[in-house]
Amino acid sequence: MQDEIKSEANMQGKVKILIVDDSMTIRQAIEKNLKEFQVEVVGTAGDGKTALELFKNEDPDVVTLDITMPELDGITVLEEMMKIKRDVKVMVITALKDKATGLRAIQLGAKSYLVKPFTSEKLKTAFSRMMGLN
Amino acid sequence: MNETDLHFFIDSTVNYFEEITGEQAITGIPYLKGREPVVLDYSGIIGISGKRKGCIYITTTKEMLKNIAAIILDDNEATVETVKDLTGEIANTISGNVREAYGSSFMISVPVVIEGRAKDIRLPEEVQAFVIPITWKEFKSYLVVCLE
């Protein structure tokens, strides 16, 4: 049944998204704010290891990815994701505000780097820009 | 730790509240933590390693957390799980943002959250800890910074 729903959503042209953050509040905030876009949330993860498992199983088109997380940090997860699916669109959403970490994420293939704390507007603008919607 | 260090944390804290809530938090004059406990309903602790060592924690009230959760999630009925989670996230964000000043060698841990008014939060004894009082709306909280 779940698979049927997912298939139907994809046939409607929805983008499959995986939301990764060790904060449940942030995962919920991202999901709530991206509702207005044509996205289907195929999974949420609170640690890097679960994120990679979901990534392999659900094959998302887009990932929002935190960096400071238990099990595996977001930079390691990003490297692994890029080995699996080079064209995945990854938006790093992190509290780490230093330039070196931002540059590293972009060098590894992240398409966007949003620093926490973020407002709804900032998240939506960054997402739109990454998806080429504005 | 010096005055410049404290300013980084004050700026990061003020920015958090302003960005999330649109309302400025007012920080009081920092003071050296003595033996008296500085613990409110929920405390989010971050360990610091790398070039600097120590820890940072924010301690706050359930009511303040519920107010912030309502803004972030449009939900006025935040659960205990949500307010606990939010405590850790605030600590993470304030600590992570100061890497703008310290760089990537300022390593932060994932947060540990303590629920309830514990006797106190144990800090490294050989390092001075500073308490930064924070007032947002009518709510009080404290940021405690203990860095080598």
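Of the 69 residues in the largest nonpolar core, which touch the most other members? They are A:V63, A:V90 and A:V92. A nonpolar core is a set of buried Ala, Val, Leu, Ile, Met, Phe, Trp, Tyr and Cys residues joined through C-beta atoms within 7 Å. A residue is buried if 20 or more other C-beta atoms, placed from the backbone, lie within 10 Å of its own. In soluble globular proteins, nonpolar side chains tend to be buried together.

This is a predicted model, in which local features need pLDDT of at least 70, side-chain atom pairs count only at pLDDT 80 or more, and totals for chains, interfaces and linings use all residues. Residues are numbered from 1 along each chain as its sequence is written, and chains are lettered from A and ligands numbered from 1 in the order in which they are written.

**Two residues inside chain A**

Take A:V90. Leaving aside neighbours within four places in sequence, A:V90 is in contact with A:V63, A:L65, A:L78, A:M81, A:G109, A:A110 and A:K111. Two residues are in contact if their C-beta atoms, placed from the backbone, lie within 7 Å.

Now take A:T64, in strand β3 of chain A. Strands (E, at least two residues) and helices (H or I, at least four) are DSSP runs, numbered from the N terminus. A:T64 is buried, because 27 other C-beta atoms lie within 10 Å. Beyond four places in sequence, A:T64 is in contact with A:I19, A:V20, A:I30, A:M91 and A:I93. A:T64 and A:Y113 are 49 residues apart in sequence, yet their C-alpha atoms are 9.6 Å apart in space.

**Helix pairs**

Axes are lines fitted to C-alpha atoms, for helices over the stretch in contact, and angles run from 0 to 180 degrees between N-to-C directions.

| Pair | Angle | Axis distance |
|---|---|---|
| α3(A) and α4(A) | roughly 15 degrees | within 10 Å |
| α4(A) and α5(A) | about 15 degrees | 10 Å |
| α2(A) and α2(B) | about 30 degrees | 9 Å |

Angles under 35 degrees count as roughly parallel. So α3(A) and α4(A) are roughly parallel to each other. α3(A) passes α4(A) in a right-handed crossing, meaning that the near helix is turned clockwise from the far one by less than a right angle. Their contact has six nonpolar, three polar and two charged residues. Here Ala, Val, Leu, Ile, Met, Phe, Trp, Tyr, Cys and Pro count as nonpolar, Asp, Glu, Lys and Arg as charged, and the others, Gly among them, as polar.

The crossing of α4(A) and α5(A) is left-handed, with the near helix turned anticlockwise. From α4(A), A:I75, A:L78, A:E79 and A:M82 meet A:R104, A:A105 and A:L108 of α5(A). That contact has five nonpolar, no polar and two charged residues.

**Where the chains meet**

Chain A puts 21 residues in contact with 21 residues of chain B. On the chain A side, α2 (24–33) and α5 are the elements that give two or more residues. The largest share, six residues, comes from α2(A). The side of chain A that touches chain B divides into nine nonpolar, seven polar and five charged residues.

α2(A) and α2(B) are roughly parallel to each other. A:T25, A:Q28, A:A29 and A:K32 of α2(A) meet B:A69, B:I72 and B:L73 of α2(B). The buried residues of α2(A) are A:T25, A:I26, A:R27, A:A29 and A:I30. Their cover includes β1, β2, β3 and α6 of chain A, together with α2 and α3 of chain B.

Notes:
Buried ≥ 20, exposed ≤ 12 C-beta atoms within 10 Å, placed from the backbone. Parallel < 35°, antiparallel > 145°, perpendicular 65-115°, else oblique.
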